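User: Let's go through this model piece by piece. I'll start with a loop and move on from there.

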Amino acid sequence: MKNEVINKLLADRDITLTSLRQEILVILALSNKPMGAYDILNQLKKKRPNAQPPTVYRVLNFFLEVKLIHRIEAQNAYVCCSHASGQASHKAILLLCQTCGKGFEFEDKAIFESIAKFSKKNSIALDDTLIQMNGICQNCLANPAISADTVKRLKHV
Ligand SMILES: [Zn+2]
Ligand SMILES: [Zn+2]
């Protein structure tokens with residue numbers, strides 16, 4: 001199971017992972033929502049009781065560099081990239097469920113081409129920042145516990 005997860009994420013990517021990196025990647029890959037560095041650290045401590053925050057941050061920065069994960073700025077959390085190929089400039093749009101925290105990632109060339117045109121016109125240099133949009137996923141919408149108000153508000157948008 002764990003190897004399967006890692007193999008899928010590493011397909012097309014020329015990366016070899018140390019066992020520490022593998023463990024952290026598996027923790028993140030098996031989580032169905034974005035995780036903060038300390039959530040990751042707490043899970044890692046089950047296997048490596050001496051793990052420290054800098055250890056986790058170092059590995060997360062490496063993953064960001066090789067585009068295996070995305071950082072969600074607003075939440076200061078991380079998610080695995082759901083794309084198989086690690087292109088040099090990987091731009092993605094992440095729809096994030098505000099209720100359960102699940103992320104849905106997709107790529108749309110046209111959207112990024114428009115953004116690129118706009119930024120060129122206005123002389124703004126863009127970085128690789130992820131575009132994040134908030135909403136509520138279908139699962140949560142189907143849940144009667146989610147207030148009818150929230151649903152109503154969303155349907156107006
Ligand atoms: Zn991605
Ligand atoms: Zn949800």
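User: Where is N76 found?

Analyst: N76 is in the loop that links strand 1 (69–72) to strand 2. Helices here are DSSP runs of H or I with at least four residues, strands are E runs of at least two, and both are numbered from the N terminus. This is a predicted model, where local features need pLDDT of at least 70 and side-chain atom pairs 80 or more, while totals for chains, interfaces and linings use all residues. Residues are numbered from 1 along each chain as its sequence is written, with chains lettered from A and ligands numbered from 1 in the order written.

User: What is its phi, positive or negative?

Analyst: The phi of N76 is positive, about 50°, although N76 is not a glycine.

User: Is N76 buried or exposed?

Analyst: Exposed, because N76 has 11 C-beta neighbours inside 10 Å.

User: Which other non-glycine has a positive phi of about 50°?

Analyst: S123 does, with a phi of about 50°. S123 sits between helix 5 (109–121) and strand 5 (131–135), in the loop. S123 has 6 C-beta neighbours inside 10 Å and therefore counts as exposed.

User: Now the overall layout. How many helices and strands?

Analyst: The protein has seven helices and five strands. Starting at the N terminus, their order is α-α-α-α-β-β-β-β-α-β-α-α.

User: And how much of the protein is buried?

Analyst: Of the 157 residues, 18% are buried.

User: What share of the contacts is between residues 24 or more positions apart?

Analyst: They account for 52%, taken over contacts with a separation of 6 or more. A contact means that two C-beta atoms, placed from the backbone, lie within 7 Å.

User: On to the largest nonpolar core. How many residues does it have, and which have the most contacts inside it?

Analyst: The core has 21 residues, and I24, L28 and I69 have the most contacts inside it. Helix 2 (19–30), helix 3 (37–44), helix 4 (53–65) and strand 2 (77–80) each give two or more residues to this core. Helix 2 gives the most, with five. A core is a set of buried Ala, Val, Leu, Ile, Met, Phe, Trp, Tyr and Cys residues joined through C-beta atoms within 7 Å.

User: Take L28. Where is it, and why does it count as buried?

Analyst: L28 belongs to helix 2. L28 counts as buried because it has 24 C-beta neighbours inside 10 Å.

User: What does L28 touch?

Analyst: Leaving aside residues up to four places away in sequence, L28 touches M35, I40, I69, Y78 and C80.

User: At what angle do helix 2 and helix 3 pack?

Analyst: The angle is about 115°, and the axes are 10 Å apart. Axes are lines fitted to C-alpha atoms, for helices over the stretch in contact, and angles run from 0 to 180 degrees between N-to-C directions.

User: Which residues meet there?

Analyst: Helix 2 brings E23, I24, I27 and L28, and helix 3 brings I40, Q43 and L44.

User: Next pair. How do helix 3 and helix 4 pack?

Analyst: Their angle is about 115° and their axes are 9 Å apart. From helix 3, A37, I40, L41 and L44 make the contact, and from helix 4, P53, V56, Y57 and L60.

Conventions
Buried ≥ 20, exposed ≤ 12 C-beta atoms within 10 Å, placed from the backbone.
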